[in-house]
Each structure stands twice: as C-alpha cells, then as structure tokens.
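Please open the model in a viewer and keep the selection tool at hand.

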Amino acid sequence: SQDLYAVYGASGCGRGVMPLARQQLRQAGVVPERLVFVDDGAGLPPLLNGQRVLSYAQFLAEPARQRHAVLAIAASTIREQLAQRCAQDGVQPWTVQAANVVTMDAVELGAGAILSPFVTLTSNIRIGRHFHANLYSYVEHDCVIGDFVTFAPSVMCNGNIVVEDHAYIGTGAVIKQGQPGKPLVIGRGAVVGMGAVVTKSVPPGATVVGNPARAMG
Ligand code: UDP
C-alpha cells in the first residue's frame, strides 16, 4: 500500500494548509485520495473541501506503508502534544510549504514546518520543529527560531533575532534586528501582539503590545 498523508486539524489553520499540501503532493505524483484531514473534534462532516475527514484512530487504521502528518493547529502546546502522539505511533512529521516560498542560502528547517504563500527565509537561518510561518511572514539573516514557534501573517523578523520555543508573534509585528553576537531575544512562550514594534528583547512568557512594544499587565 502507498503512503498516507494528513493535515492534522480541520479548522481555520488546517483548511488553509490543505491546498498547499494537495499541490505539493500533486507535484510529487501522489494522488489526492492519499491526503486526508485528521481531527479529534466531534461533529465534523465526512468530507471537507473535497478531502476525507478521519479521526486519529481511523487514520492509524487506514492501510498505509508510511503515515505522514502536518500539524495544522495554531496553538503551539497542542502541536507539541500531537507531535508526541504521532511519534509514538510512527507517524512521520511532514513539512508543507507553498510553491512560492523563497528560501535562500544555508537555511536549516526543522521537521513539520508549515510555510504559507509568500513566506521568505533569507540566509543562514536555523529553525526548529513544527514552525508555522503564515502568509507574507519573513525571517531575515542569522536568526535562530526554536521549536513550536508560530508566526501569524506578515511577521517581520529581522536579522540576528532569537525566537525561543513556543513563542507566538501576532499579525504584522515588526521585530528590530539584533547584532551579531548580541541578538534580540524573544523568550520562550512569549506573545507579541499584532502590529507591535519590538525594539528590545522580550522575557520568557511575557506579552508585549504597541509601539514601542511594552509588557502588558
Ligand atoms: N484539534 C484536534 N486535536 C486536538 C486539539 C484540537 O484535532 O488535540 C482540532 C480541533 O478539533 C479543531 C482544530 O484542531 O478542529 C483547532 O481549531 P481552532 O479553530 O481552535 O484553531 P486553528 O485552526 O486556528 O489552529
């Protein structure tokens, strides 16, 4: 039997990722019948945007030589839980990217990434597992991005920035570039609000908003 591919999550994020997954598989010569949604939620239709919707148990029961899943859920802690579950069951992390993504030199991209249309990754960048880069986001030179990091649309992540695990960057946020050997650091699990202009490092777990971005609360 052939490989089976899943977009895990059949809500907003998943429905945006599915067409990219479909196109990627078409280019690899895989028929669309081998691509499904997987979702643990109740009350989903059997077919969504032309693709079958399976529970995780059904996905595991389906005959397949190898199973692959891209975790299309914006909440990073859920992505981490599902990544563990998939690893236990031998489901391979799958990277899905739009055809027009621009990737320059020496980009190390961890497993299970989602790169939406118009994303650009420039040169000498390291990115961890299950990164989400939504529409028009970019990562500039010499950045280091951790695991389970989420960029909403149009995030401007300039050069020499470190983004630690589970950080969430809102739509249209601008992060000022750091310096070689002295990066600007977005701490683990920090949240940067939409449209924020981040001019200095953000501590782990903090939420910052505004221009210049300041801690909330
Ligand atoms: N979901 C799931 N397993 C989980 C947690 C969530 O299948 O352990 C599904 C949930 O049923 C829903 C989707 O993931 O369909 C999350 O959708 P939501 O609208 O909350 O977020 P988004 O699509 O924006 O990431």
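**Conventions.** Residues are numbered from 1 along each chain as its sequence is written. The model is predicted, so local features need pLDDT of at least 70 and side-chain atom pairs count only at pLDDT 80 or more, while totals for chains, interfaces and linings use all residues.

**Stop 1: the two domains.** Select 4–94 as domain 1 and 97–208 as domain 2; such bounds come from an automatic or database domain assignment. The C-alpha centres of domain 1 and domain 2 are 24 Å apart. Across the boundary, 15 residues of domain 1 are in contact with 14 residues of domain 2, contact meaning that the C-beta atoms of two residues, placed from the backbone, lie within 7 Å. On the side of domain 1 that touches domain 2, the elements giving two or more residues are H1, strand E5 (67–71) and H3. Helices (H or I, at least four residues) and strands (E, at least two) are DSSP runs, numbered from the N terminus. H3 gives the most to this side of domain 1, with 5 residues. By class, this side of domain 1 has 9 nonpolar, 4 polar and 2 charged residues. Ala, Val, Leu, Ile, Met, Phe, Trp, Tyr, Cys and Pro count as nonpolar, Asp, Glu, Lys and Arg as charged, and the others, Gly among them, as polar.

**Stop 2: the ligand.** Which residues are the closest to the ligand? Of the 13 residues that surround the ligand, the closest are Ser-11, Cys-13, Asp-40, Gly-41 and Ala-74; a residue is near a molecule if its C-beta atom, placed from the backbone, lies within 6 Å of it. Next, select helix H1 (12–27) and helix H3 (76–88), each of which supplies at least two residues of this shell. H1 gives the most to the shell, with 3 residues. The shell comprises 6 nonpolar, 5 polar and 2 charged residues.

**Stop 3: the strands.** Display E9-E12-E15-E18-E21, an open sheet of 5 strands in that order with parallel pairing. At the edges are strand E9 (107–109) and strand E21 (184–186), each pairing on one side only. Two strands pair if DSSP finds at least two bridges between them. Strand E18 (residues 161–163) pairs with E21 in the parallel sense over 3 bridges, and Ile-161 has Leu-184 as its bridge partner in E21.

Then select strand E3 (residues 47–48), which pairs with E4 in the antiparallel sense over 2 bridges. Leu-47 stands opposite Arg-52 in E4. E3 and E4 form a hairpin with 2 residues between them, and Asn-49 in the turn has a positive phi of about 50°.

**Stop 4: the core.** The largest nonpolar core has 62 residues, of which Tyr-8, Val-17, Val-70 and Val-192 touch the most other members. A nonpolar core is a set of buried Ala, Val, Leu, Ile, Met, Phe, Trp, Tyr and Cys residues joined through C-beta atoms within 7 Å. Centre the view on Val-70, whose contacts beyond four places in sequence include Tyr-8, Val-17, Trp-94 and Ile-114.

**Stop 5: Ser-201.** Select Ser-201, in the loop between strand E23 (197–198) and strand E24 (207–209). Is Ser-201 buried or partly exposed? Ser-201 counts as partly exposed because it has 18 C-beta neighbours inside 10 Å; a residue is buried with 20 or more other C-beta atoms within 10 Å of its own, exposed with 12 or fewer, and partly exposed in between, C-beta atoms being placed from the backbone. Leaving aside neighbours within four places in sequence, Ser-201 is in contact with Leu-184 and Val-185.
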